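We will take a short tour, one stop at a time.

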Amino acid sequence: MTDESHTDDALRESDRAVDARVLAGRYRVGELIGRGGMASVYRGYDQTLGRDVAIKILKRDLAGDTGFRTRFRLEAQAASRMANQAIVRVFDAGEDVAADANGERPIPFIVMELVHGTLLKEIIARGPVPPADAVRYVDGILEALEYSHRAGVVHRDIKPGNVMVTDAGQVKVMDFGIARAVSDTSSTVAETTTILGTAAYFSPEQAKGEPVDARADVYSTGIVLYELLTGRPPFRGDSPVAVAYQHVSEKPGTPSEVNESSPKAFDPVVLRALAKDPYQRFPDAASFRTALDAASDGKAPSKRELGALTSELYGANPRQAAETARSLRQLSTDNSTPRTQSGPPVAWIWAGVALLAVLVASVLFWVVSIPRPSGVPDTARIVPDVSGMTYERAVEDLESEDLVADQEGEPSDTVEEGVVIRTEPASGESVTPDSEVTVIVSEGVETIEVPQLEGLKEQDARTAIDEADLVLGSITPVNDASLESGMVMSAQVDGDDVSEGDEVAKGSTVNLTVASGRVTITDTQGFTLDAATQQLENQGLTVDVEEDDGCRASDPRTVSQQVQVGDVPVHSTVTLRVCAGDGSGD
């Protein structure tokens, strides 16, 4: 049996050991639904709240690191504070123990929202996606990042394997906070790439082991966009180290060069997102979203424009840096030279020195010529995005940032009553601690009382509807023997009858039913005179009788002819001819 088979058997045994457990006395673990580089994911059930969840249980080698478990717990708690439709919610994080042959071992776990859908990496595996779908997927990732960055959380591991597309098409990003826990306990690129699974989505600063900020997520999202448009990442190599060096020094080809069906309008957006220098990338996720949206409807750049952008971002002659990177890749994959030391080969060290020299020379111009944004003082607070939350939850989030909440209501026909619409100052703005933040909460749809309409003349009803900030809709005439023409009989909103004093949404359309001023009469020929007269008078009509002596009737005074039949004005006179003779005139 191979070592790989031993490893698989060990993983399956570990999975069986976890299966059917109840963690922390609350979360029942079900079947395995996924496995990644650092954890296995199970379907679970929260027995306290009675809901389905996903439970991610860390691999044994990570679970054995005390420093990592502490960092993991803190970062998972930070991620649990984020509530956005584009982010897979983290509900809880904890640690349980399991007994094995070596005694008890810790089982760190996190409890997440259970999402039904497909991993983005599975969608990409089928080949390039249509540009419209690529834009929709990346826009969802950027929406999540825009929210998380305002909350001060940098993902650090944006890649298709961390993005879900639900059955309804909603994009959801996973593993916020976990990547930081991993990277903060990993000292080298090699160690980090082992844990995170791939270097294909690293930013240059991550590859060099430098501190990262939100712009690292922008770079990784640019890689994802590139892969969606082309079906492959821009940099590939025989080892994670080789790929990392490409991120540092090599210029990517444009998506349209790799896939001719990719619109050229996206090329500048991708190149800007993949700039080596963080200061030359989009400054934030919102700017990236704006550029992506503009490219969806924009024209393709000229060769001159694209060349100028490439020169600006990657330098006029990156050949020397590229050659250095290639030599480093060759060293990183060359196994023919005997190793006589436990550390990296001496050639690696000198090649690294050469690479650093090239990088310093090529980046120096960027550093001295590009203006840097001013920093935020350490004492400042960033107003979090609490839109879409209840007021109570918004207060908690604001108070956690040392800010004071003040509620203000505002009608809204798009935001549910009791839900936060926005804040003033707006989310993302920098304020001093203990600043007051006005939380605008939806009061629901603004309503209007229906004015008196029934019994008014049509023109008076029109005026009343206009003065009440309502809209006149259709006017339907209906025959009614008791009403004059144009009198309002009833009013309807959204198909329901409304009366004076009823509450309806401001701006609602009011339909009126009005009297036509006419009445419909039927033919009474063959009726006795008394019966015909009573029916017509009940309709408000006046009866005029003419006797026909030449008409013989089996029942004397039977109506032989009614002059008017059908619609007639109300209060009209109807003439009836009756048979009054014995028929001698025939």
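Start by selecting helix 5 (residues 131–150) and helix 9 (residues 214–230), which pack at an angle of about 165 degrees with their axes 10 Å apart. Helices here are DSSP runs of H or I, at least four residues long, and strands are runs of E of at least two, numbered from the N terminus. The axes are lines fitted to C-alpha atoms over the stretch in contact, with angles from 0 to 180 degrees between N-to-C directions. Helix 5 is therefore roughly antiparallel to helix 9 (a term for angles over 145 degrees).

Now show side chains at this contact (heavy atoms within 4.5 Å). From helix 5, pick Pro131, Ala134, Tyr137, Val138, Ile141, Leu142, Leu145 and His149; from helix 9, pick Ala214, Asp217, Thr221, Val224, Leu225, Leu228 and Leu229.

This is a predicted model, where local features need pLDDT of at least 70 and side-chain atom pairs pLDDT 80 or more, while totals for chains, interfaces and linings use all residues. Residues are numbered from 1 along each chain as its sequence is written, and side-chain values use heavy atoms, without hydrogens and water.

Next, some backbone stops. Most residues other than glycine have a negative phi, and most peptide bonds are trans.

- Select Arg156, in the loop between helix 5 and strand 8 (163–166): its phi is positive, about 80 degrees.
- Go to Ala24, between strand 1 (22–23) and strand 2 (27–35); its phi is near 55 degrees.
- Finish at Pro425, in the loop between strand 12 (420–424) and strand 13 (430–431). The peptide bond from Glu424 to Pro425 is cis, with omega near 0 degrees.

Key
Parallel < 35°, antiparallel > 145°, perpendicular 65-115°, else oblique.
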